[in-house]
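Try each one before reading the solution.

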Amino acid sequence: MQGDEASEILDAPVITDDHADDVSLDTIEALLRDHWGLSGQIFPVEEKHGVGYLVDNGNLRYFLDMRDLADEQALRVEHEVMRHITRSPDGPQVPEPVATKAGAEVLTAEIDGTTRVLRLLTALDGDPPPEDRDVTEETAAELGALLASLVKSLEDFDPLIWNGEHEDDLRKAGPRTVSLLSKVADQEARDMIARAMVSALRRIHPLAAEFRIGLVIPDLGPGDLTGETDDADWHPTGITNLGGLSRSWYVSALAKTCARILASQGGEPASILPALTGYHAIDPLNAAELEALWPLVIADIASSAALAENTHAEAPDDESAAEEARGRRQILANASTVAAEYMHACILEACRIEPEPLDLNLLMPELEAEKIRLVDLSSKSPLFQGGNWTDPDCDWRLLARTAWETGMGSTRYGEYRLSRSKPDTVATEPRNVALHVDICLPATTALVAPFKGTVVQVAPQFSLRDENVTLLVEGMETALTEGAEIGPGDQLGTVAGAAGAVGGLRLRLSRDHENHPPLFCRPSEAAVWRRLAPSPSALLGIDCDAPAAISGREVRAWHEFVYDETGHTVLDFSGKAPLIGHGHPSIAAASYQQHLRLTASFDGSAEAEALRQALVDMAPPGFTDVVLFQDRHAAMEAITELAQARETTEERAAVAAYQENSAEDDIDGSSEDEAEISYAVASEQAEREECAAPLIVEPLPGLLHAAEQITSARENGRLIIVDETRTGYGRLGENLWNAERDDIKPAFLLAGSCDGGRLSVVFCNEEFSEALAPLANPVSPVDAATALAALTVLREENLAANASAMGELLEKGLRQLAEESDRIEAIEGRRLWWSIQPRSEDIEIWDALDGHVLHDVDHSGRLILAPPLCVSEASINLCLDHLRNTLRLPPK
C-alpha cells in the first residue's frame, strides 16, 4: 500500500491537463487515426505506469496505453491473460486489446525521438469507486467475490508464462517493515508496530506451506476497479488494470483487500467478514488460509503503519505525514484489540465451518450424573418473580434450592441469564450468555483427567492443557504442581469441602491457550465464543446445554421493561403497559387467590363491589357513582344506547302528531308528495340520532378544537364523555384525572384498569348510574380482584407522585432534544405522555428505536411516548439517549 494511498480505501484515476513527456494531443490523434482508424475526444489520464489516454468517439470508449520499449513482452503476456479471463464463464469484466488496422495488438512507434510501445484497450463502462462513501457490507462482499472470480478464472493459466513477484508481496512484509522502522526514532511507535508484525508472522510461518499460489493481483486497489452506482451504494463490476498481476498467495491478496476495508472502517475487525464470505463462496479457502487470514491482515496494517512512520521520520515537520502516522497507528491499535484465536473463530463462523469435535472423557466418572438437577435461570424461568433476579446472589440461591432434592444441581451452559440482562445502552449490550457451568455436588467427589495434558496452573483456578483444549476448574483441591504431565483418568483432585458437605465447582473449556474465555459474553458474540469455549456436557455425562433461545420472542415483562428469550431488554414506553408497570407480584397474588375462590361472573360479587367502592372514593368532583363494564366496547355501547334513549316525551309526541297529521293531509296526495314527506321525516330522524350521539373527548395535551366541540355539544344537548383510558390515574400531572385540570365537566368519565386488564370503568352521577347499570353485564371477579390490587399499588407506592417527578425529567430532556435537533418540528405533552412531530422528510426516523424502546407512531408520523407510572430515572435517561442517537445528535 503506497503512502499517498494510506488514508483512502477507494481512489480513482485522475484526468489531467498535463501531457506525458510533452507528447502533443495532435500526435496522439494522428496515431489513433493512422493505426486504428479512430477519432474522438482525448483525455490524458494518470496511471500507475505513467500517463495514458482515454478516447471517446461518441459510441465507445477506449484506452490508449503508452509504455517504454522494455514493457513490450509484459504487455503481450497481459493480453493473453485478458483473453483467458474473458473466455472464463465466471471471470470478472476486464479490458480487451484492440488490434491495429494491420492486426497488431502491440504497436512500436517512434514518438518525439523515443521508441514507445502502444496498445489500445476497450474501456469498461461504469464508475470509479466513490471517495465520499464508506465501504458497505454489500460492497465489501462484492469486492471479495470479484477477487475470487479473478482467481478462479486464472487458476488454469499457464504458470510458465508469468513468474514475476509483486514488490509489496506480504511474504516480504517482515523484512520490509524492519527496514522501514530502522529510520523511526519514536520508540513507542516502533515497538508497537514491531510487536504486531512479529506476532502475526509467528502465526503465518507455520502455515505458509499450505497456502495456494497462483496468478492474482496481490493489491487490488481502487484505481484498478470500475462499478455501478445506485442511490444506496457502489457495486464493483470489473477490473480496469491488470498491470499488478503476479504469482502470489491467494490468501495474501484477500488479506490486502480486507486490510483496505478495515482501514476505511477505522480498524473495526468485523468489517473484513463480508469480503471474506464473498470470496470464500467462490474460491473456498483451505484450513491454513483461514487460520492465517487475520494475521496476514494485521501484517499488512502493521506494514502500512511502518511506512507512514517512516515517511513521518523523513519529514518530521510535515503535519500531514504526522497525522497519517497517528491515524495508521490507531487503526493498528483498534485491529489489535481482538485476539487472533477469536478472529479465527469469527472467520470460521462466517464461513459456516464447524470446529473439530473434542475427544473428552468423564471428569467425575463415579458421580451419578443422572441425579444432577439443572436450574433454569433464563428469562422464561418460573423461579423468577417480582424482580428477584436483580439480587446479585439470586442465581446461587436458586441453584442451591434446585440441588436440595438430590444434593446435586447445575447451571446450564450457553444460557441467556436473566440476572445479567439489562437494557442495552446506546453503545453496548449486556454480557449475559454463560460460557461455564456452576455445579453443586458432594464435597470430596473425585475428579480425574478427561484427556492427556500438562498442568499449567493450580491456583486460583486449576488449568490442564493439551494441544487442542484447556480445562479450567475452580473449587477443586489438588496436590498436583504446575508442569506435571497427566494421563487420561489420572487423579486431579477432589471437590473442596468437608466430607458430607456440599461443594461447588465451576467448569470451563477453552480452545484458546493464550486467552481464557470470559464467564459471560454478549449475545452478538455467543456463536463465536461457543467455538472457543465449548460446552462441558461431555465432561459431566449429561446434556447441560440450555435450549436454543429465539431473539425477538418476548417472554417476560417487569416494571417498564420487556424481555425476550435471549434476555434482550427493551423499554416499554408504548402506553400499552399497565399503569403500575408490568409483572407486579400483587397482581399475580390477587389473581391466584381469586382463582382459588371464584372465577364465574355474578351480579353484585364481593370483588366487584369492593372495586366499585374504591373507585368511588377516588372519583373526580361531580361524580358520585361507578358502573363497571367487561371492556371499553361494552361501556361505549351502553352509553350510546342511553344517549339515544334520552328523547323527551314531548319530542316523541310531537313527532307522532306530525306523522298523524301528515298522513291525513296526504290521503289524496301524489306519490311524489309521499316520497318528499318520507324523506323529510327520515332526514329529521337522522339529525336527531346524530344530535343524540355522545361526544367523546380524550383530554390529551395539544388537542385542537376540543373547547369548541364541547360548547357545540352542550348547545345541541349531546352527552359528553371524557375518555381517560390513556390519561387517567395521574399520568398527566398532579391530578388523578385530567378532566379536573381542564374543567371539562362531562356527563361520563371513562377509564381503564391500572392492571392493564380489559375491565372498563364509567364514572357518572346517580341518575345515569341507575340507567347504565342494567345495561352492564357482570364483570369477572378475577378482573375485579386484580384491578383492586392495582389501585392499592397505585396508592401505597405513591405512583402518581413518581409520575409527576419522572415526567418533569422527561419533559426537560425532550425539550432539550427539540432545541438541539432540526429534525423535530414540535413536541406536545405533559408529564408521562408526549408526542414528537418530525419533519415530513424524516417521517420514518423512529424506526431506529425498534429493539430499544417500544413506542407508538400515529398516522401523521408523530412519536408517542407513554411509560408506566413506575418508570425510573435511569430508564428516562436511557430513553433520551436512544432518542439522541436516533436524531443523530452527539452523546450527552
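Predicted model: local features only at pLDDT ≥ 70, side-chain atom pairs only at ≥ 80, totals over all residues.

Numbering runs from 1 along each chain as its sequence is written, and side-chain values use heavy atoms, without hydrogens and water.

**Exercise 1.** Work out whether His584 is buried or exposed, and find its side-chain polar partner.

*Solution.* 
- Check the relative accessible area: at 11%, His584 is buried (buried is under 20%, exposed over 50%, with a 1.4 Å probe on protein chains only).
- Then look for contacts (heavy atoms within 4.5 Å): leaving aside neighbours within four places in sequence, His584 touches Val793 and Glu797.
- Finally, the His584 side chain has a polar contact with the Glu797 side chain at 2.8 Å (a donor–acceptor pair of N or O atoms within 3.5 Å; residues adjacent in sequence count only if both atoms are side-chain atoms).

**Exercise 2.** Say which class each lining residue of the second largest cavity falls into.

*Solution.* 
- A cavity is a set of points on a 1 Å grid over the protein atoms alone where a 1.4 Å probe fits but cannot get out, and lining residues have an atom within 4 Å of a point.
- This one has a volume of about 50 Å³.
- Its lining includes Arg731, Trp737 and Arg830.
- Sorting the lining gives three nonpolar, five polar and four charged residues (Gly goes with the polar ones).

**Exercise 3.** Find which residues lie nearest the centre of the second largest pocket.

*Solution.* 
- A pocket is an open set with protein on both sides within 12 Å along at least five of seven lines; this one holds about 730 Å³.
- Of its 30 lining residues, Glu341, His344, Glu356, Asn468 and Arg511 are nearest the centre.

Technical notes: Points joined across faces, edges and corners; volume = space filled by probe spheres on them.
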